[in-house]
Amino acid sequence: MSKDKIWLSPPHMGGSELKYIQEAFDTNWIAPVGANLDCFEADLEKYLSNRYVTLLNSGTAAIHLGLILLGVQAGDEVLCQSMTFAASANPILYLGAKPIFIDSEIKTWNICPVALEEAIVDRIAKGKKPKAIIAVHLYGVPYQIELVRLVADKYSIPILEDSAEALGSCYKGKACGTFGDVGVFSFNGSKIITTSGGGALIASSKVLKNRALFLATQAKDNAPYYQHSEVGYNYRMSNICAGIGRGQMEVLDSHIDLRRSMHEFYVELFNTIDGVEVFTVPNDDYFANYWLSTILIDPLKTNGINCETLRLAFKEANIESRPLWKPMHLQPVFSTCPFYGGIVAESLFKKGLCLPSGSNLTNEDRMRIKTVVLELFK
Ligand SMILES: *Cc1c(COP(=O)(O)O)cnc(C)c1O
């Protein structure tokens with residue numbers, strides 16, 4: 001009776017990963033150094049049209065180092081999209097800086113340029129100019145790249161682009177991860193490609209990349225003995241994990257196609273159901289990898305069925321679905337942090353659900369999902 005669980009976003013191996021891991025064993029580079037790191041880094045640099053990539057052991061580490069590269073220090077203020085995963089904001093606290101949260105806008109669900117400017121003007125009036133802006137491409141949908149950049153440049157505040165969910169997404173043909181002063185990817189188990197755990201910092205210059213590499217490998221001075229003039233971190237990716245990443249790069253484009261086809265499946269499925277809206281890019285300038293397909297349910301139009309009703313119906317059928325990210329300004333750990341904006345992020349959180357979106361879902365999985373939906377909304 002109990003069928004296999006359908007996961008929200010499971011890992012999906014391409015086939016060559018073990019070969020590259022074997023190479024690491026054969027050459028004995030079981031270390032945070034080796035050919036897999038060099039090759040995975042080169043693959044990503046080519047994919048991003050010659051940006052500079054530093055592979056790290058998590059996306060969170062990349063955000064932490066990224067903020068350091070942007071000069072964030074204890075006591076500084078950092079503006080951060082409220083609707084996101086906690087990993088976007090936690091590194092602000094690691095540095096002893098203060099998060100200032102910003103509401104979303106309704107088109108892309110990402111940082112609202114209007115609320116962003118309001119916040120900057122108000123923080124400056126209160127005596128402190130924010131040090132950085134953290135903008136996120138939620139669920140692989142690019143934020144309003146041009147408007148956010150306009151505000152950032154007007155006040156000369158650098159952008160940390162949290163592209164953890166958006167490898168392969170583009171805006172006007174340019175890759176996400178390359179719009180910020182620094183960019184970040186994650187290769188955690190649930191992301192569009194995975195190294196089991198891992199991340200990358202994207203920089204626009206070799207100098208910045210070398211600085212990231214230096215800090216990520218314990219900030220060792222150039223001396224024959226261990227000498228340190230700065231605080232360092234142990235944030236480099238392992239050569240074993242990089243082998244997985246090398247294999248995953250070979251199937252990245254096909255994973256994007258498959259995620260996008262899951263999104264199309266949901267658009268079609270919910271097309272005939274009143275009160276359910278599949279989150280879709282605002283226009284053709286935006287290309288989303290649709291890392292996760294998400295919906296909003298308006299219970300006033302569905303006879304009271306809401307996202308929790310649907311989540312529980314899926315759960316009953318051994319299908320995983322999840323609420324959207326709970327905004328940071330509503331999280332107990334950030335309860336004392338200032339927030340600018342209205343109730344956009346909050347109402348998205350109340351009405352939204354993330355659906356099974358893996359690139360390896362079968363037709364049978366789709367049928368099981370479809371059956372639950374049609375049964376519930378009949
Ligand atoms: C996954 C994720 C991260 C963190 O990446 P890890 O590799 O898990 O540390 C950061 N920001 C967002 C928006 C994410 O989804």
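**Aromatic pairs in a predicted model**

Hi everyone, let's start with phenylalanine 270, which is buried at a relative accessible area of 2%, where buried means under 20%, exposed over 50% and partly exposed in between, with a 1.4 Å probe and protein chains only. Before going on, a word on the source: this is a predicted model, where local features need pLDDT of at least 70, side-chain atom pairs count only at pLDDT 80 or more, and totals for chains, interfaces and linings use all residues. Residues are numbered from 1 along each chain as its sequence is written, and side-chain values use heavy atoms, leaving out hydrogens and water.

Now, the partner of phenylalanine 270 is tyrosine 266, and the two rings are stacked, 6.4 Å centre to centre with 20° between the planes. Here, rings of Phe, Tyr and Trp (its six-membered ring) pair if their centres lie within 6.5 Å, and planes under 30 degrees apart count as stacked, over 60 as edge-to-face and the rest as tilted. Both residues sit in helix α9 (residues 252-270), 4 residues apart, about one turn of the helix. Tyrosine 266 is buried too, at 0% relative accessibility.

How many aromatic pairs does this rule give? The count comes to 13. One of them joins tryptophan 109 and phenylalanine 279, stacked at 3.7 Å centre to centre, with 5° between the planes. Tryptophan 109 is buried at 2% relative accessible area, and phenylalanine 279 is buried at 7%.

Do look at the neighbourhood on screen: Phe85, Trp109, Tyr139, Phe279, Trp291 and Trp325 form one aromatic cluster. Thanks, everyone!

Definitions and conventions
Helices (H or I, at least four residues) and strands (E, at least two) are DSSP runs, numbered from the N terminus.
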